[in-house]
Amino acid sequence: MGLTRVRAIFFDLDNTLIDTAGASRRGMLEVIKLLKSKYHYKEEAEIICDKVQVKLSKECFHPYSTCITDLRTSHWEEAIQETKGGANNRKLAEECYFLWKSTRLQHMTLAEDIKAMLTDLRKEVRLLLLTNGDRQTQREKIEACACQSYFDAIVVGGEQKEEKPAPSIFYHCCDLLGVQPGDCVMVGDTLETDIQGGLNAGLKATIWINKNGIAPLTSSPIPHYIVSSVLELPALLQNIDDKVNMSA
């Protein structure tokens with residue numbers, strides 16, 4: 001690790017800058033309300049949403065293989081069929097999917113304190129948004145939370161040859177900003193992609209956001225720093241840069 005100050009910060013999007021999990025839960029609650037009031041489902045409504053949640057978590061999205069709208073409508077269709085039996089109900093599945101999705105996007109916002117932090121940081125360093133995921137899904141979130149203006153560049157995994165944790169996507173980010181990996185810090189909530197990726201690419205530091213204070217598995221990659229909120233970042237960066245000065 002060379003004695004350079006941090007010149008660029010790569011931020012993950014989901015559950016790092018925006019509360020994707022919380023927004024998704026709000027969407028599920030709206031679907032439960034719809035199923036109970038309009039279709040008179042009882043406890044099946046919660047069961048269906050739980051099943052969809054599991055299907056979403058197992059989703060290995062391979063770009064170009066299937067349209068995300070079709071894929072996710074199918075999650076709802078299968079969950080309804082598995083719970084209620086009977087014939088497939090694509091129309092109801094579409095209604096559930098679009099309600100979940102629109103509610104979720106409405107709740108994807110950049111908090112004011114995060115906007116202020118990004119604005120301040122950008123006076124000192126370059127900022128890049130680096131998010132894995134399907135192109136359409138991630139671009140809709142970026143649009144919904146209106147974060148474009150806070151970043152020097154935005155890179156979506158689904159638009160690249162490889163996603164995090166592959167080093168190639170990190171090198172691409174460095175090229176976009178005209179910096180070296182040793183000048184950059186990765187900030188994210190996922191050990192397997194954000195932290196492992198930053199380590200793979202030889203970044204100056206990796207910062208793991210561990211909101212719930214969970215103990216990682218012993219086999220997990222080890223971040224350089226752990227914080228409980230992205231808002232702790234400015235103080236931590238000060239610390240990283242001071243260390244550089246002390247060792248110089």
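**Salt bridges and cores**

D194 and K164 form a salt bridge through their side chains, at 2.7 Å from N to O (a salt bridge being a side-chain nitrogen of Lys or Arg within 4 Å of a carboxyl oxygen of Asp or Glu). D194 sits in helix 8 (residues 191-200) and K164 in the loop between strand 3 and helix 7, so the pair ties together parts 30 residues apart in sequence. Helices (H or I, at least four residues) and strands (E, at least two) are DSSP runs, numbered from the N terminus. D194 and K164 are both buried; buried means under 20% relative accessible area, exposed over 50%, and partly exposed in between (1.4 Å probe, protein chains only).

This is a predicted model, in which local features need pLDDT of at least 70 and side-chain atom pairs count only at pLDDT 80 or more, while totals for chains, interfaces and linings use all residues. Residues are numbered from 1 along each chain as its sequence is written, and side-chain values use heavy atoms, with hydrogens and water left out.

The structure holds 20 salt bridges. One of them joins E159 and R135 at 3.1 Å, N to O. E159 lies in the loop between strand 3 and helix 7 (167-177), and R135 in helix 6, 24 residues apart. E159 is partly exposed at 28% relative accessibility, as is R135 at 49%. K51, K55, E78 and E82 are linked in a network of salt bridges.

The largest nonpolar core has 36 residues, of which I9, F11 and F151 touch the most other members. Apart from it lies another core of 18 residues, including I32 and W76. A nonpolar core is a set of buried Ala, Val, Leu, Ile, Met, Phe, Trp, Tyr and Cys residues joined through side-chain atoms within 4.5 Å.
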